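Got your viewer open and ready? Let's take a walk through this one together, one selection at a time.

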Amino acid sequence: MADSMTAAVTAAAQPRSSSLQRLARRRSSIAFLMTLPLICVILGLVVYPAGYAIYLSMLSRRMDEFVGLTQYDILIESDTFWLVVFQSCFFAVTAVIAKAAIGFWLAHMLHHIPTKGQRKWRGMLLVPWVIPPALSTLGWWWMYDPTYSSLNWILAIFAVPAVPWLGEPWWARVSVIIVNVWYGAPFFMIMYLAALKSVPEQLYEAAAIDGASSWQRLRYITLPMMQNIISITVLFSLIVTFANYDIVRVLTNGGPRDLTHLFATYAFQVGILSGNIPRGAAVSLFMLPLLAVFAFFILRGVNQRNKEMN
Amino acid sequence: MSKSEVTRRATLGAGVAAVGTLTAPAVFGQPTTTIRCGFWDHWVPAGNDALRRLCAQWGERNRANVNVDFITSVGNQNLLTIAAQAQSRSGHDILSFPTWEPAAHQRMLVNVDDVMGRLIRKYGPVTPAAEYLGKQGGNWVAIPAVSGTQMKPACVRFDLMQQHAGIDIRAMWPAENRAGPGADTWTWDTFARAAEACNRAGVPFGLPMGSFTDAVDWLGALFASYGANVMDERGNITVRNNANLRAAVDMAVRISRQLPNDVWAWDDASNNRALISGRSALIFNPPSAWVSARRDNPAVGAQCWTVPVPSGPQGRFVGYLPYFWGIWNFSRVQGPAKELLEFLSDREQADAQTSTSAGYDIPPFLSMNDFNVWSTEGPPVGTVYNYPLRAHHNARTSVAFAPAPANLAVQAYNQALNTKLIARIVQANESVDTAFGWLERELNTIRRGG
């Protein structure tokens, strides 16, 4: 009897926690609750739109009939679509390589000037990146304008014949890439500058003692130390460049002869302008497997390097 | 009698109060209906004022609130709005639908056969291109709008044409209801010879060949005047062994070789700039180019004269780019919306819209092509007299890729298949047969998707 009394008192002193309280005390529950807003954002802004786009791409043009993969099948048979695939890959790969090379060079230049002057140059070089691209592209369009190109006006001073910047297919391709590189190179520059600053100075000192040339320092110290950041920025930029829309839309509208269309501009033309939303969704979803391939190889490289370092 | 019992006097009083409350809005003339309109944001600055004023006027007369929004077509904002409202089944009651949109959204638009029937009885037939676009499956799904509807005849520098091509275009097409001497020789062949002469003189015709509407429309009018259809009414592809198409392509190639070498990248503003700057002797455009020239370069503006498009073996066709007023089927005020649109389509209101836009807006009814504004605008006075279709023009409106079913034609139109066909031959040096092969494959892709 006394034992049972004692047990009752103890129970009263330490009230039994409810299952809700126990759940709240668990670390995993707290972690889940704290990430819940992010999960909601991802569900609402990524998963739902992506799922809806996949659903749309399987509908008929009037969106009243489920047609499975017919829209994809039609695209695969279209000459124009394969032009778009080629141009998107050409545009993204060329522009990203150029941006990475220019960004790397600029970062090196900046890294080697005194801190006081560096801040000024850094600010100025970031200007293209902070101007809204739709606005800066309009400026470029005025420079490329078929009839009143200011670039051609300058060329004329040196007796160089006018260049059909947007009218001739290869010039048009080069023109849109130039604008994308101009806009995106500062991003690479700032990322690489940060990476350069994190390379330990002792490594360079040791290399100098060993008599390494500047090329050898770059090849055996700088590049290996920056490899991961280069991979990540390239992947990030590849995704953004692949999905580019405004530059081509403003400068060429995909012309001449569809040779500058990218996935996004072509999807807009097919989906919104031509009233074929399912086909437009199918065009834009074609980016997914291509980007997945790029992402797979780049991230695999990053993982391998991390394992080697560990 | 207990206190809680309701007396006869109290019941009567309550009844009077209730009736009074319910009828109060009507008694005091308060609006009982709200119509939300999304009209096209007019390029001519004063263009919106007419619609705003007319809607307010109708609202006052009918005790309705008419909320008017103007949606720009810059950046295709209007198309995005239409797509969003169609998906969400909410938004405005009345929307302005550009050229192909009524056909695309026909299942979501209220049938307006009753309104169009009354208007046609009153004003006669509608221009054929508007009927092709607005009447789907035998029913009117939207009302051809006045505001925003344009045509694309030739805007000619009459001084340059006279000087370099020896054509007195003003005498040929005077600001009167008659054709002048030589009007019957205003054909595509004459046009091509004039293009050659003006190109030699350094003032080439400013005809875009890119993927924007001005390019597709002028080439569409040329193709139509040769009877060169690439698809028939049933959607069958008619590219192979099509002599009319080959003749039209030959003419288009001949003309395009006389154009500036950058026309393949021109947009809808490039031709206007070519005219306004004095570098071009002719463009195909509504009077907006001339209005800008009058403001920015009066010397050029004073030398412009609008004339019909040249004719071909199958007749004379002029590019037509209409707007439509449609009512969503999710609207709860379909009846009043129809009444408002009928009011806006009446002759008096159409005249107000056209006059406010300096003659830019073209009413859909052929009987309305005699508004005074086209006779009085200038300088030079009468410059836009021949902008609307006149009986002596012997012309019809055309939409590129008609008579193909609208759901297929819209895709060919927006992909500018006609200008790309010519670009492949002229710019990429492909043979006509190779280019036709490409066109056929593209049309097959369009047809397969429906």
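Start by selecting A:Leu251. Leaving aside residues up to four places away in sequence, A:Leu251 touches A:Thr137, A:Trp140, A:Trp141, A:Tyr144, A:Leu166, A:Ser175, A:Val176 and A:Val179. Keep in mind as you click around that this is a predicted model.

Together with A:Leu251, they have the most contacts inside the largest nonpolar core, which has 204 residues. Which helix gives the most to this core? Select residues 169-197 of chain A: that is helix α9, and it supplies 13 residues. Over in chain B, the core takes at least three residues from each of domain 1 and domain 2. As a bit of background, nonpolar side chains in soluble globular proteins tend to be buried together.

**The two domains of chain B**

Colour the domains next. The domain assignment puts 33-149 + 322-371 in domain 1 and 152-320 + 385-449 in domain 2 of chain B. Their centres, taken over C-alpha atoms, are 28 Å apart. Where the domains meet, 18 residues of domain 1 are in contact with 19 residues of domain 2. On the domain 1 side, pick out α4 (101-104) and α6 (128-134) of chain B, the elements that give two or more residues each. The largest share, 4 residues, comes from α6(B).

**A strand with several partners**

Zoom in on residues 315-321 of chain B, strand β12. Here 6 of the 7 residues are buried, so β12(B) is largely enclosed by the rest of the structure. Try its partners one by one:

- Select β7 (residues 150-152) of chain B, which pairs with β12(B) in the antiparallel sense over 3 bridges. Look for B:Gln150, whose bridge partner is B:Leu321.
- Select β11 (residues 311-312) of chain B, antiparallel to β12(B) over 2 bridges. A hairpin of 2 residues links β11(B) to β12(B), and B:Ser311 has B:Arg316 as its bridge partner.
- Select β14 (residues 395-398) of chain B, which pairs with β12(B) in the parallel sense over 4 bridges. B:Arg316 turns up again here, with B:Ala395 as its bridge partner in β14(B).

**A three-stranded sheet**

Stay in chain B and show β9, β8 and β10. These 3 strands form an open sheet in the order β9-β8-β10, with antiparallel pairing. Which strands stand at the edges? They are β9 (282-284) and β10 (304-307), and each has a single partner strand, so one side of each is left without a neighbour in the sheet. Neighbouring strands are turned by 25° against each other on average, direction ignored. Next, select β8 (residues 154-157), joined to β10(B) by 4 bridges.

**Where the chains meet**

For the last stop, show both chains. Contacts between them involve 35 residues of chain B and 28 residues of chain A. On the chain B side, highlight α3 (77-88), α12 (270-276), α18 (406-414), α19 (417-426) and α20 (432-449), the elements that give two or more residues. The largest share comes from α20(B), with 6 residues. Colour this side of chain B by class and you'll find 14 nonpolar, 13 polar and 8 charged residues.

Terms used: Residues are numbered from 1 along each chain as its sequence is written. Chains are lettered from A and ligands numbered from 1 in the order in which they are written. This is a predicted model: local features need pLDDT of at least 70, side-chain atom pairs count only at pLDDT 80 or more; totals for chains, interfaces and linings use all residues. A nonpolar core is a set of buried Ala, Val, Leu, Ile, Met, Phe, Trp, Tyr and Cys residues joined through C-beta atoms within 7 Å. A residue is buried if 20 or more other C-beta atoms lie within 10 Å of its own, exposed if 12 or fewer, and partly exposed in between; C-beta atoms are placed from the backbone. Domain bounds come from an automatic or database domain assignment. Two residues are in contact if their C-beta atoms, placed from the backbone, lie within 7 Å. Two strands pair if DSSP finds at least two bridges between them. Axes are lines fitted to C-alpha atoms, for helices over the stretch in contact, and angles run from 0 to 180 degrees between N-to-C directions. Ala, Val, Leu, Ile, Met, Phe, Trp, Tyr, Cys and Pro count as nonpolar, Asp, Glu, Lys and Arg as charged, and the others, Gly among them, as polar.
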